[in-house]
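Please brief me on this model.

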Amino acid sequence: MAELSSGALYEILTGSLNRVNDLLVGHGERVAYGVLALLEQDGQFSQEQICQIVWTVLFHDMGSFRRTDTWNLVQMENDPRNAHSLYGYVFLKTFFPFSHFTPIVRYHHASEDMIAQAQVCDQIRRAIKYLRCIDATDLYSVQHPKCDKADILAFYRGQLNLFGLGHIPDTAMQAAVTDTTAHIHDLLKERLMQWTLSDMEKQALLRTLVCAMDFRSHYTALHCSMMVQASDMLAGYCGLDEEDLQNVHIGAILHDLGKIAIPAEILEAPGRLDGRVWQIMQSHVMLTEDILQGTVSDEVLQIAVRHHETLDGAGYPRGLCAADLTLPQRIVAVGDIVSALSEQRSYKPAFPLEEVMQILHRMGEAGKLCPYVLKVLEEHQRTIYHAVLLEGEHTAAAFEHIYEEFYRLLDEK
């Protein structure tokens, strides 16, 4: 994924996570910044290890996404069973490129005894303690907004003493408390850009973010992977060149990022959405645009945010028409519908191929979808449909495995 820099990936990740909960905007970055300072101060971690741990810390609260009450994350941090930590750990083990560091997510709310008994090496145990102290301190500052810096530092010192780290100076937390969230954002981005990520690592980090969002619900878990598969295959059969093929692929991966801010109860609504609820659902496109603006090329951006536009001008969010929509954009719009029709949703079953094609044919006759893309789809319908279903099966297996392991670990507590 050479077209997506580490800096762009960082902006997409933080821009998405910061839309989950207004109370915790910047929380992940502030914590990652503090942990970064402690790791460098420790002196026993390589630069590569520090980079990988910092990326891991940015994802440390993604386990909370599985809950429908994502607006109450501060209270979730006090869950005595540490359910969101366990889910985050199991999820990241499955998708994350630096899975060997995921125990720091599992134990980031654990007691001193639990951390001492954890089956991890001493180096990871220290990283767990660093995250534990910085995370608790930042949450304390969020929950006590009227506290001054001296109170926050006093709480931090207490955390260090609790976990046997009383010898560590206050440097890390002083910086995290003194600097603004915006400044920390820029500083952390600058540091992460100094370390090179492979294209495979970038792809895995992006997939981690997208699947964390999709896996909030059984009904949305398969969508992105199936939609990307359909779009990629259609793009290939339509004869796009390498650059456009890559743009379609990345645009398809990113197309629903804005849904991270849509309440799960709306995503899982059993009936037709209307009124204010439908407006909230439609807002995911503009949220996606806000997240991606300035981070990807305009070609990728427009592919991602025009997947609900139609050739007759009746789509959303801007009501564009045929003259405004490029072939890559039209392909992804069809790929999105193929996926939506081929998977089970809260309001409908998965449709067989014949019904999928009938619905798409009617939409084509109504002037909503590109006739050329539909012609290509019809020529390769069975190959594309079965590949999309197979991709869905693979994603469903990962979904089931994650939840089985999560509930097993939860029952062991």
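Predicted model: local features only at pLDDT ≥ 70, side-chain atom pairs only at ≥ 80, totals over all residues.

**Helix packing and loop sites**

Residues are numbered from 1 along each chain as its sequence is written, and side-chain values use heavy atoms, with hydrogens and water left out.

Helices (H or I, at least four residues) are DSSP runs, numbered from the N terminus.

**α8 and α9**

- Helix α8 spans residues 122-143 and helix α9 residues 149-162; they pack at about 150°, with axes 9 Å apart. Axes are lines fitted to C-alpha atoms over the stretch in contact, and angles run from 0 to 180 degrees between N-to-C directions.
- α8 is therefore roughly antiparallel to α9 (over 145 degrees; under 35 is roughly parallel, 65 to 115 roughly perpendicular, the rest oblique).
- From α8, the contact (heavy atoms within 4.5 Å) draws on Arg132, Cys133, Ile134, Ala136, Thr137, Tyr140 and Ser141. From α9 come Asp151, Ile152, Phe155, Tyr156, Gln159 and Leu160.
- The residues of this α8 and α9 contact comprise eight nonpolar, three polar and two charged. Ala, Val, Leu, Ile, Met, Phe, Trp, Tyr, Cys and Pro count as nonpolar, Asp, Glu, Lys and Arg as charged, and the others, Gly among them, as polar.

**α16 and α17**

- Helix α16 (residues 275-292) packs against helix α17 (residues 298-305) at about 160°, with axes 9 Å apart.
- The two helices, α16 and α17, are therefore roughly antiparallel.
- Their crossing, α16 past α17, is right-handed.
- Val285, Thr288, Glu289 and Leu292 of α16 meet Leu301, Ala304 and Val305 of α17.
- The α16 contact with α17 has five nonpolar residues, one polar and one charged.

**α19 and α21**

- The axes of α19 and helix α21 (residues 381-412) come within 11 Å and cross at roughly 115°.
- α19 and α21 are therefore roughly perpendicular.
- The crossing of α19 and α21 is right-handed.
- α19 supplies Leu353, Glu354, Val356 and Met357 to the contact, and α21 supplies Gln381, Arg382 and Tyr385.
- By class, the α19 contact with α21 has four nonpolar residues, one polar and two charged.

**Lysine 368**

- Lysine 368 sits in the loop between α19 (353-365) and α20 (371-379).
- Lysine 368 is partly exposed, at 24% relative accessible area (buried is under 20%, exposed over 50%, partly exposed in between; 1.4 Å probe, protein chains only).
- Beyond its neighbours within four places in sequence, lysine 368 contacts Thr310, Leu311, Asp312, Ala314 and Met363.
- Side chain to side chain, lysine 368 makes a polar contact with aspartate 312 at 2.9 Å. A polar contact is a pair of N or O atoms within 3.5 Å; within protein, one must be able to donate a hydrogen and the other to accept it, and residues adjacent in sequence count only if both atoms are side-chain atoms.
- Lysine 368 and cysteine 321 are 47 residues apart in sequence and 9.0 Å apart in space, C-alpha to C-alpha.

**Lysine 259**

- Lysine 259 lies in the loop between α14 (242-254) and α15 (264-267).
- Lysine 259 is buried, at 17% relative accessible area.
- Leaving aside neighbours within four places in sequence, lysine 259 contacts Met213, Arg216, Leu267, Met281 and His284.

**Proline 317**

- Tyrosine 316 and proline 317 are joined by a cis peptide bond, with omega about 10°.
- Most peptide bonds are trans.
- Proline 317 belongs to the loop between α17 and α18 (327-342).

Technical notes: Left-handed = near helix turned anticlockwise from the far one by under 90°.
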